Each structure stands twice: as C-alpha cells, then as structure tokens.
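Come along as I look things up one by one.

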Amino acid sequence: MPAQIYAPFEKFNFSNTKCFLTGEALQSEEEKIQVFPQWLMSHYNLEDQPFKLLDESIATYKDLKIPCSAAVNDEYLEPLENEIAAAFANGYEGVKTLDELKLFQWTSKLLYGIIFNEIQSGIKMMHAQGEEFNISQAIIHKFSHLHLMLQSINLPIHFEEFKPFSLFLFKVDNKPEEFGYRDEINTQTFALRIKDFGLVICLQDNNTNFSYHHKIYEQLKEDTLHPIQFEEFSGRVFYSNYLFNRLPEYNILPVGKDIYIEDMPLRGISSKPLFDEWQNKTYGQVLENFWKNWGFLLLEIIKNPEKPMSFLFDEAGDKISAGTISLPR
C-alpha cells in the first residue's frame with residue numbers, strides 16, 4: 001500500500017479539528033503548535049510583536065498556531081525543529097551544512113502555517129459578512145502543491161531528479177539582535193536575515209529563479225554582504241519570482257510504499273519565456289520597500305531608469321565591497 005497523501009484543498013477543510021499535515025482527527029481544538037517555533041520567538045523576543053495578516057488584521061507572532069497531532073509533532077516536526085535550531089545556532093557555517101531539503105521543509109511548514117492562518121482569517125471575515133470565501137484556482141494550485149511537498153516530512157515522498165525550490169544563502173554582517181523576515185505567500189517567496197547569514201528561498205519554482213540569478217549568485221556567494229546588499233539581492237529574487245509566469249505541474253507516482261513526484265516540463269505548450277519582462281520602475285518600487293531601513297526613495301533609486309541604484313555592482317559592473325559601504329548596518 002502506498003502512503004496516503006492528505007489533500008486539504010479538495011474539501012477545503014481548515015478547521016482546528018484536523019491535523020494540518022496528516023488530516024487525522026485531533027483529540028481537542030487545543031492540540032496546536034506555533035507557526036514560528038518557540039526557540040526563534042524566544043531568541044528575538046517576537047512573541048508579542050505585531051504580525052499583519054492580508055485582511056489588515058493584526059495578530060502577534062505567538063497568536064499564529066496550526067492544529068497538529070501531538071504524535072506527528074513529536075515524531076516528525078520536533079526533530080526537524082531541533083536540527084534547524086542547532087544549525088541556526090552556529091550561524092552561516094551551521095546552515096551551510098544543512099541538507100537543503102530540510103531547509104525547504106522547515107520553510108514550507110512555516111509559510112504554510114501562515115497561509116493556514118490567512119485562510120482561517122479570510123473564512124471568518126467573509127462568513128461574518130454573510131458571503132462565501134473565495135480563492136483563485138491558481139492560488140489553490142500553488143498551495144496544494146506546497147502542502148503535498150510539505151508531506152515529505154512525514155511520508156516517503158521523493159523528488160524525481162528535480163529540485164522544487166530555489167535557495168540562496170549568504171554570509172551577512174548583521175547586527176546581533178536583528179531579526180529580518182519577509183515573505184510573499186502568493187509567490188511563496190521567503191527571506192530570513194539573522195545572526196551572520198541571510199537566506200532567500202522560492203518554494204515552488206523548480207529551481208528556475210536559481211538559474212535566472214545564477215551568474216550574479218556565483219559572483220557574490222563567497223562574500224560577506226552588508227545588510228543593504230542582501231536586501232538588494234532579496235529584492236531581485238522576490239521580483240523575479242513575481243515575473244515567473246508558469247504554474248508547475250507534477251506527476252505523482254506511487255511505487256510500493258513510496259511516492260515519487262516528477263516535474264513536468266515548464267515550457268509546456270507556451271512559447272512565452274518563463275519570466276515576464278523585467279521593468280526597472282517596478283523593480284525600483286520593490287527596492288524602495290526592501291531598503292526602508294535606509295530611507296531611499298524611488299526617485300533616487302531610478303534616477304537613471306536604465307541603471308537603478310545598486311550596492312552590489314558599480315557603474316562599470318564591478319562588485320562593490322561591503323567594507324566600502326558607509327551606511328549603518
């Protein structure tokens with residue numbers, strides 16, 4: 001018998017009576033885990049910090065929880081959390097030694113936890129208005145595949161000669177107490193900048209953004225970046241993933257007790273390039289948002305519309321050393 005995949009989007013079940021990962025019935029609605037792990041919240045005093053949801057309501061980090069079987073948490077999620085926490089405690093060198101799949105699983109669990117809370121919040125709001133909760137088929141398609149791949153934590157799921165994500169990892173000269181976090185749930189892009197590292201991950205792009213930025217990443221990946229440089233690279237990735245115009249499709253192949261996931265060719269029947277055209281003005285707006293800490297405005301950033309401001313490369317296209325940047329960290 002192959003392992004049984006749980007598909008919550010088929011019946012759109014987002015109650016607190018079923019485990020988010022397996023769909024099994026829970027003993028009570030209090031059987032929950034934190035979306036942001038306790039070790040991370042404790043280290044950066046996040047528990048009571050505000051977290052803004054898409055409907056503009058404000059929760060706190062500790063408010064964000066998901067229903068989870070205690071047995072599933074003990075057997076699968078806690079060991080993963082412990083491994084990630086130990087790696088993060090050792091900073092860049094610790095994260096570098098992690099299995100990339102573990103980082104993908106950990107990030108997917110966190111982002112899916114936020115999605116789960118967003119959906120619950122949206123359902124409550126629409127029901128209060130006497131309306132049905134609606135979500136686009138394209139978004140359901142993406143979220144369903146994210147949940148499917150998340151089950152590689154607890155099921156014998158194998159990715160057949162492809163990587164479902166793009167991952168970028170850098171050394172960054174951060175302030176010790178700084179917690180830099182950003183996500184975009186529609187494109188499933190995630191960035192975290194803490195300790196002496198920063199990472200950016202696109203969760204459902206089949207490594208396409210990695211190929212898109214490969215040349216620049218190869219130039220930068222051994223350097224220690226200034227935080228503004230990391231935010232610039234993050235802005236590039238968040239924007240390119242917004243431009244990524246395919247919805248990846250997969251074949252699911254049960255073999256014995258295992259499940260193999262095979263990616264379908266992204267080009268499919270479309271002759272369009274995989275990414276829509278890069279627009280510097282839109283990219284400048286992204287940078288303005290990512291550079292809020294340093295107060296740069298859009299007019300400064302795209303003063304030269306052909307070459308937006310950069311702290312990664314100078315006018316001649318040469319790398320800028322972090323040590324020469326005189327902005328605060």
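This is a predicted model: local features need pLDDT of at least 70, side-chain atom pairs count only at pLDDT 80 or more; totals for chains, interfaces and linings use all residues.

**Entry 1: Glu83.** I started with a single residue and asked how open it is. Glu83 has a relative accessibility of 33%, so I noted it as partly exposed. Glu83 sits in helix 3, which covers residues 70-89. Which residues does Glu83 touch, once neighbours within four places in sequence are set aside? I found Leu98 and Lys102. I also checked Glu83 against Met264: they are 181 residues apart in sequence, and their C-alpha atoms are 32 Å apart in space.

Entry 2: Five strands make an open sheet with mixed pairing, in the order 7-8-9-6-10. Which strands are at the edges? I wrote down strand 7 (180-184) and strand 10 (224-225), since each of them pairs on one side only. Then I followed strand 7 to its partner, strand 8 (residues 189-194): the two run antiparallel and are joined by five bridges. Arg182 has Ala191 of strand 8 opposite it.

**Entry 3: helices across the sheet.** I wanted to know what lies over these strands. Helix 5 (residues 100-128) lies across strand 6 (166-172), strand 7, strand 8 and strand 9 (197-202). Its direction makes an angle of about 110° with strand 8. Helix 9 (residues 227-243) lies across strand 6, strand 7, strand 8, strand 9 and strand 10. For helix 9 I noted an angle of about 170° to strand 8.

**Entry 4: a closer look at helix 9.** Is helix 9 enclosed or open? I found 16 of its 17 residues buried, so helix 9 is largely enclosed by the rest of the structure.

**Entry 5: salt bridges.** A reminder to myself before I began: side chains of opposite charge can pair when their charged atoms come close. How many salt bridges does a search of the whole structure find? The search gave 13. Here are some that I looked up.

- Lys62 and Asp48 meet through their side chains at 2.6 Å, N to O. This pair links distant parts of the chain, 14 residues apart: Lys62 is in the loop between strand 3 (58-60) and strand 4 (65-67), while Asp48 is in the loop between helix 2 (38-43) and strand 2 (50-52). Lys62 is partly exposed at 36% relative accessible area, whereas Asp48, at 55%, counts as exposed.
- Lys319 bridges to Asp223, with the closest N and O atoms 2.8 Å apart. Lys319 is in the segment after helix 11 (298-301) and Asp223 in the loop between helix 8 (214-220) and strand 10, so the pair ties together parts 96 residues apart in sequence. I noted both as partly exposed, Lys319 at 40% and Asp223 at 24%.
- Arg236 and Glu232 form a salt bridge at 3.6 Å, N to O. Both are in helix 9, four residues apart, or about one turn of the helix. Arg236 and Glu232 are both buried.

**Entry 6: a network.** Salt bridges link Arg182 in a network with Glu178, Arg193 and Glu231.

How values were computed: Residues are numbered from 1 along each chain as its sequence is written. Side-chain values use heavy atoms; hydrogens and water are left out. Buried means under 20% relative accessible area, exposed over 50%, partly exposed in between (1.4 Å probe, protein chains only). Contact means heavy atoms within 4.5 Å. Two strands pair if DSSP finds at least two bridges between them. Axes are lines fitted to C-alpha atoms, for helices over the stretch in contact, and angles run from 0 to 180 degrees between N-to-C directions. A salt bridge is a side-chain nitrogen of Lys or Arg within 4 Å of a carboxyl oxygen of Asp or Glu.
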